[in-house]
Amino acid sequence: MSGPTRFSQFRSALRHIRDGETIGRVVALGSLELQAAGLGGDAKMGAHVLVAGHMRGEVVGMREGHVAVLPFGTWEGVSYGDEVRLLESDGAVHPDASWLGRAVDAFGAPLDDAPLIEGARPYPVRADPPGAFGRRVMGDKLETGIKGVDVFTPICRGQRLAVLAGSGVGKSTLMAMLARQTDADVIVIGLIGERGREVRDFISRDLGPEGMARSVVVVATSDQPPLTRRQAAWTATAVAEFFRDQGRQVLLVLDSVTRFAMAQREIGLAAGEPPTTRGYTPSVFSELPRLLERSGPGHEAGGSGDITAVYTVLVDGDDLNEPIADNVRGILDGHVVLDRKIAETGRYPAINIARSISRALPRCHLPAERSIMNKARRAMARHGEIEDLVRIGAYRIGSDSDSDAAIAFAASAERFLSQDIGESLSSEEAFATLYGLLIEAGYKITQEELAGG
């Protein structure tokens with residue numbers, strides 16, 4: 001074992017030794033919530049405790065001299081009168097550059113048997129977002145190698161984008177493509193509430209050795225308690241903040257914000273919050289911006305990188321106006337919609353161009369790129385208007401030149417947007433190809449338009 005690893009383990013042990021000595025007792029116990037007395041005024045909201053010497057929990061409420069505690073596991077084996085010890089640790093993690101290529105749990109512990117070096121500086125998992133005037137503006141465009149993204153919903157450095165999708169529409173595959181191909185120094189992936197079987201599949205098959213080599217994966221599976229699932233989202237963000245502070249360009253991929261919100265809903269209900277919109281508690285809608293605003297451009301003073309973030313939203317019943325999707329759209333800098341109907345035709349990624357938008361536009365594209373993108377968007381929109389007429393044979397070719405060009409362009413556009421998981425195309429090549437398809441379909445793009453006139 002190397003010296004740095006031994007020192008890291010010694011430092012970690014010291015942190016546990018320094019945990020506090022404020023002790024209370026269990027006075028009430030339910031299936032999810034435990035109540036403790038005797039912690040006095042030392043217990044704060046969000047503080048961590050150790051129950052019966054082995055079970056970690058978090059203070060989520062206070063009432064009539066008692067504190068309400070939820071577990072990072074289950075209360076199995078805990079009984080009335082057991083010791084409740086207040087911990088000094090608040091769940092901070094200690095990331096290190098050696099974490100690249102590793103998978104960790106919600107507390108930064110390795111998921112394999114190999115030792116993990118802890119960094120010297122603690123990063124609080126529940127940090128405040130940077131100030132509005134303390135950070136830079138969004139930077140240059142990031143190359144993702146995904147044609148539908150680079151052309152129609154471009155991502156700039158420091159941008160935050162949502163991917164809205166129902167189940168089984170190719171969301172995980174798109175995430176893997178972004179992680180493998182995006183022009184970033186470090187990838188931090190948070191798998192929140194993921195199926196246990198799919199974690200290894202995603203890492204070994206979708207992400208692959210090349211993608212994993214520059215990634216840190218933070219995992220909390222669907223069977224774990226809500227506190228752990230919420231903690232994993234915070235931990236992934238804290239790890240991204242560490243690499244940002246090292247001057248790296250970081251891509252943070254969080255899958256999914258919906259499961260983070262569902263975990264917060266369970267916590268809020270257990271703490272006595274009233275259910276509001278579709279059963280979500282008020283704290284859900286206050287925690288979402290606190291989490292999402294932590295990513296973005298780095299500090300204005302310089303020396304730091306940026307966190308470009310992609311957050312997936314698992315829309316309930318393919319309803320893009322459900323509360324979490326609607327709230328997230330209002331916070332982030334754009335969204336990509338994956339459409340089930342498109343996926344059923346066999347075209348992947350199943351990006352619905354008409355319903356996807358990037359708020360980095362128009363600045364993120366050059367004038368010529370904007371002209372090509374706008375012409376293609378108008379062509380696809382026109383085809384969408386007459387598609388049903390064409391399908392039933394009610395439209396006759398030659399009736400309208402714009403409609404004829406849109407019909408000619410539609411088939412080639414579908415082939416252009418289809419892309420295998422291992423396929424990558426530069427933004428320049430994608431625009432050149434799309435330009436050729438528009439010309440073949442009969443569209444004219446003048447030099448004045450290409451120059452932005």
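F242 is buried in this predicted model. Its relative accessible area is 9%. F243 counts as buried too, at 1% relative accessibility. The cut-off for buried is under 20% relative accessible area, so the 9% of F242 falls on the buried side.

**Aromatic pairs**

A search of the whole structure finds five aromatic pairs. Among them is the pair of F72 and F107, which is edge-to-face. F72 lies in the loop between β5 and β6 (83–86). F107 lies in the loop between β7 (102–104) and β8 (141–142). The pair therefore ties together parts that are 35 residues apart in sequence. F72 is buried, with a relative accessible area of 11%. F107 is partly exposed, at 30%.

The rings of F242 and F243 also form a pair. Their planes stand at 70 degrees, so this pair is edge-to-face. Ring pairs link F242 and F243 with Y123 into a cluster.

| Ring pair | Centre to centre | Angle between planes | Geometry |
|---|---|---|---|
| F72 and F107 | 5.0 Å | 75 degrees | edge-to-face |
| F242 and F243 | 4.9 Å | 70 degrees | edge-to-face |

**Charges over rings**

K147 lies over the face of F416, at 5.2 Å from the ring centre. R265 lies over the face of Y280, at 4.4 Å from the ring centre.

Strand β5 spans residues 66–71. How many of its six residues are buried? Five are, and the strand is mostly covered.

Strand β2 (residues 34–37) runs antiparallel to β5, and three bridges join them.

β4 and β5 form a hairpin with two residues between the strands. In this hairpin, E64 takes a positive phi near 50 degrees.

**Annotated region**

An unreviewed UniProt entry carries the annotation "domain: AAA+ ATPase" for residues 157–343. Over residues 157–343, the chain is 47% helix and 22% strand. The end C-alpha atoms of this stretch are 29 Å apart.

Notes: Residues are numbered from 1 along each chain as its sequence is written. This is a predicted model: local features need pLDDT of at least 70, side-chain atom pairs count only at pLDDT 80 or more; totals for chains, interfaces and linings use all residues. Side-chain values use heavy atoms; hydrogens and water are left out. Buried means under 20% relative accessible area, exposed over 50%, partly exposed in between (1.4 Å probe, protein chains only). Helices (H or I, at least four residues) and strands (E, at least two) are DSSP runs, numbered from the N terminus. Two strands pair if DSSP finds at least two bridges between them. UniProt positions are given in the numbering used here, feature names are shortened, and annotations may be inferred rather than shown by experiment. Rings of Phe, Tyr and Trp (its six-membered ring) pair if their centres lie within 6.5 Å; planes under 30 degrees apart count as stacked, over 60 as edge-to-face and the rest as tilted. A charge sits over a ring if NZ of Lys or CZ of Arg is within 6 Å of the ring centre and within 35 degrees of the ring normal.
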